[in-house]
Number of protein chains: 2
Amino acid sequence: MTGSNWSVPETEVVQRIHERLGEDGTDVLATIVDVEGNAYRRPGAKMLLDEAGEGVGSITAGCLEDELLVAAKSVRERGRPELVTYDLMEDDDDVWGLGVGCNGIIDVLLEPLTDAYRPAVEAFDEGRSVAVLTVLEGDDEGDEGDERTGRDGSGEEDASLAHGDRAYYHPEEGVLATPDGEPATAWPDDLAGPATDLAERGRADTIEIEVRGERLEVFIDGLAAPTELVVFGSGHDVGPVTELAAKNDFRVTVVSFRGSVDLEDRFPDADETVTTSPAAIDDGINLDGRTYAVVMTHNFVDDRLTIERLLDSPVPYVGLMGPQERFEEMTEAFESEGTTFDGAALSSLYTPIGLDLGGGSPYQIAHSIVAEVLAVSNDRTPQHLNAREGHIHDRVSVDSEADSSST
Amino acid sequence: MTGSNWSVPETEVVQRIHERLGEDGTDVLATIVDVEGNAYRRPGAKMLLDEAGEGVGSITAGCLEDELLVAAKSVRERGRPELVTYDLMEDDDDVWGLGVGCNGIIDVLLEPLTDAYRPAVEAFDEGRSVAVLTVLEGDDEGDEGDERTGRDGSGEEDASLAHGDRAYYHPEEGVLATPDGEPATAWPDDLAGPATDLAERGRADTIEIEVRGERLEVFIDGLAAPTELVVFGSGHDVGPVTELAAKNDFRVTVVSFRGSVDLEDRFPDADETVTTSPAAIDDGINLDGRTYAVVMTHNFVDDRLTIERLLDSPVPYVGLMGPQERFEEMTEAFESEGTTFDGAALSSLYTPIGLDLGGGSPYQIAHSIVAEVLAVSNDRTPQHLNAREGHIHDRVSVDSEADSSST
């Protein structure tokens, strides 16, 4: 496996899954289901393994990947999902402990990639969050569900759920559906709450619920639609911001007010480029609560009109390049027009833009901007991790926001 | 000019200067000398402009570059340096003010790239910091120094200094030299102090001094040797760290303890790859006060031996991947060996590594690591830039730090 495939952004892993769905079905999808202790990646991390032994994405920092290829071979041959546990908590002498140094037990779900996964990637591609639900332990626990694998859980004739059963939850539609798009009537409605939460946050967790007197363990893998980053500007300095944001899994739109014809060539890392005018920002650009905005047109009037529109939108982050004094000048212009913004609107404004990393080159400036957007989008206070109370990754808990695990 | 040339790391601009030194001399080097108010780049920022109108590096966010090409043509034709002032503080209606929105006055030194610049790039390439000194105003002020341009300032017969005169200061050797390597006897020794400081910090400034009763304005352009980042590890996760660090102007060495034969292929962005053992780290790897270290071998014993050596070195930053508990385990091992570290040593240790940006993908983890190294190497407290100098609406006096004009 090549390093570049290993470290692809998550969005590219999903894109790869999409591309391979229509193939011969020899690919195996590995998803971290649970981590006990600490590990490099967290639940929901994915890796797609093909028959030739190539993988896209990552489960660990490289220590389990060879073992996964072996396990994938078995899954490919048997044609059904398996939950494999890797214990990395052994003594240092042990091959795992020595090789990885991540003191954790990792449960990985391996499954043949079939068209049954299509509802997830299609929703993701369309910018809709989705949760993939998989029964890990059901009423046939111990049986490993041999002949039941492949059931879609919709069966009216058998209302129980079994190991390997799958459903999808689409929060926007409020619908729990089987892989073939039918209502998943066998699945309890109680799953809607945690599935919505995990889908929107892009987190994964395993929950236990009681269904008709039976204990059911369900892995809920939330695929959040990529966070949108809209960059207003078309100067050279937009390039490094776009490049680094794309690597960090943002879906990037570059908005130019200058009618450049070659925007796509200039910003090859942008998912979309739009030419418009400050007065028509709303046309075709979605300014919602999941959209982050960076304003760097370097044109005072364009910036001012853009800021005015953004501060009056639900966009949670508006980064403005330039010194504080420049925004103060803007404020004077707003005031002379009778435009005012309340504290909530102004709290979304970050100017000067970026974290204080001290760099001055175009890439260093872009690095500091993308670092700030990442921190705000993840609701983090930028500081050294060694100063953070608690654990690095959010421990996903459906009922409480407790913190925990990983790296 | 293509965007990718515009946003190259500073190290690549210097590399490009080096490559072009031996060419036909039609290239013009532009260096920001002074910024009044605020601008995108700070003094010392460079751009190399060739005869075909292509540029490498950046002076502004794209607004002055076309004008620079015109000025470069004049400098190329006249064959001598010029100091050009761009006033970006005009009204918004003005072509500059409208186009850039960076409220500043920028002085740019344009000079034909000649072999006289070689001492600077050679020192830089060899990892030695150097200061390039240029007389902006001397005793021939107003004369523009026509026939004096090109003088090396060493003339015993004429002890005065004139517009355009140049010397180099090499802090390691404590020597002020002319471009042809002779002692620059005409230059005052007082310049050694500020030249050392600016060279080591990689900052540029203009100072005024009195020489033999005459007021002299000297631009001192410090080219700091690139900061060294040594990454211990050879897993896939080393790749994104190496890539992002190189973009941020670090000179990256990847150290593997696993004897991989294809290190250079695996980490194409590394400037150097070394295969060694934890016991022999000192051989060939420079662990000095300008070296930053990231430890991510994922092997507990290798990490421990590396950390033990690094904490006993002048390295100002030692980032260790893994949870806090892992370092606590290491500490127990150190204590059982009778090894202890004082507070100063431990204050250089950052574990878990990285800034708290909340990301979990390989690139997001790498982004947080490189952001932390940048902040520490620039002696910054990571926080939102808008929190750095008080609230947005407070009129705060801009401090006079050399780099306060960036962004």
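This is a predicted model: local features need pLDDT of at least 70, side-chain atom pairs count only at pLDDT 80 or more; totals for chains, interfaces and linings use all residues.
Because B:Glu122 and B:Arg118 stand four residues apart in helix H5 (residues 118-125) of chain B, about one helical turn separates the two. In chain A, A:Asp115, A:Arg118 and A:Glu122 are joined into one network by salt bridges that share partners. Side chains of opposite charge can pair when their charged atoms come close, and over all chains the structure holds 42 salt bridges.

Two further salt bridges of chain A involve buried residues. The side chains of A:Arg20 and A:Asp27 meet with an N to O distance of 2.6 Å, and both A:Arg20 and A:Asp27 are buried. A:Lys46 pairs with A:Asp221, the closest N and O atoms of this salt bridge being 2.7 Å apart. Because A:Lys46 belongs to strand S2 (residues 46-49) of chain A and A:Asp221 to strand S10 (residues 214-223) of chain A, the pair ties together parts that are 175 residues apart in sequence. A:Lys46 has a relative accessible area of 4% and is therefore buried, and A:Asp221, at 3% relative accessibility, also counts as buried.

Charged residues also gather on the surface of chain B, where B:Glu325, B:Glu328, B:Glu329, B:Glu332 and B:Glu335 make up a patch of negative charge. One of these residues, B:Glu332, is placed in helix H10 (residues 324-337) of chain B, and B:Glu332 counts as exposed because its relative accessibility is 55%, the threshold for that class being over 50%.

In chain A, the peptide bond that joins A:Thr351 and A:Pro352 is cis, with omega at about 0°, and A:Pro352 is located in the loop between strand S16 (349-350) and helix H12 (362-377) of that chain. In chain B, a cis peptide bond with omega of about 0° joins B:Thr351 and B:Pro352, and B:Pro352 lies in the loop that runs between strand S16 (349-350) and helix H12 (362-377) of chain B.

Positive phi values occur at A:Arg212 and B:Asp379, neither of which is a glycine. For A:Arg212, phi is about 45°, and this residue is placed in the loop between strand S9 (204-211) and S10 of chain A; with a relative accessible area of 54%, A:Arg212 is exposed. Strand S10 of chain A is also the element that holds A:Asp221, the partner of A:Lys46 described above. For B:Asp379, phi is about 60°, and B:Asp379 lies in the segment after H12 of chain B, where a relative accessibility of 71% places B:Asp379 in the exposed class.

B:Ile32, in strand S1 (residues 28-37) of chain B, is buried, with a relative accessible area of 0%. The C-alpha atoms of B:Ile32 and B:Leu110 are 8.9 Å apart in space, whereas the two residues are 78 residues apart in sequence. B:Arg78, found in helix H3 (residues 65-78) of chain B, is partly exposed, its relative accessible area being 46%. Between the C-alpha atoms of B:Arg78 and B:Pro112, which are 34 residues apart along the chain, the separation is 9.2 Å.

Aromatic side chains were considered last. A pair of aromatic rings is described by the distance of the centres and the angle of the planes, and the structure holds eight aromatic pairs over all chains. In chain A, ring pairs link A:Tyr292, A:Tyr317 and A:Tyr350 into a cluster.

Methods
Residues are numbered from 1 along each chain as its sequence is written. Chains are lettered from A and ligands numbered from 1 in the order in which they are written. Side-chain values use heavy atoms; hydrogens and water are left out. Rings of Phe, Tyr and Trp (its six-membered ring) pair if their centres lie within 6.5 Å; planes under 30 degrees apart count as stacked, over 60 as edge-to-face and the rest as tilted. Patches are made of residues with over 30% relative accessible area and no salt bridge: like charges are joined within 9 Å, nonpolar side chains (Val, Leu, Ile, Met, Phe, Trp, Tyr) within 5 Å. Accessible areas come from the Shrake-Rupley method with a 1.4 Å probe; for residues, only the protein chains shown count as cover. A salt bridge is a side-chain nitrogen of Lys or Arg within 4 Å of a carboxyl oxygen of Asp or Glu. Lys and Arg count as positive and Asp and Glu as negative; His and the chain ends are not counted. The place of a charge is taken as NZ of Lys, CZ of Arg, CG of Asp or CD of Glu. Buried means under 20% relative accessible area, exposed over 50%, partly exposed in between (1.4 Å probe, protein chains only).
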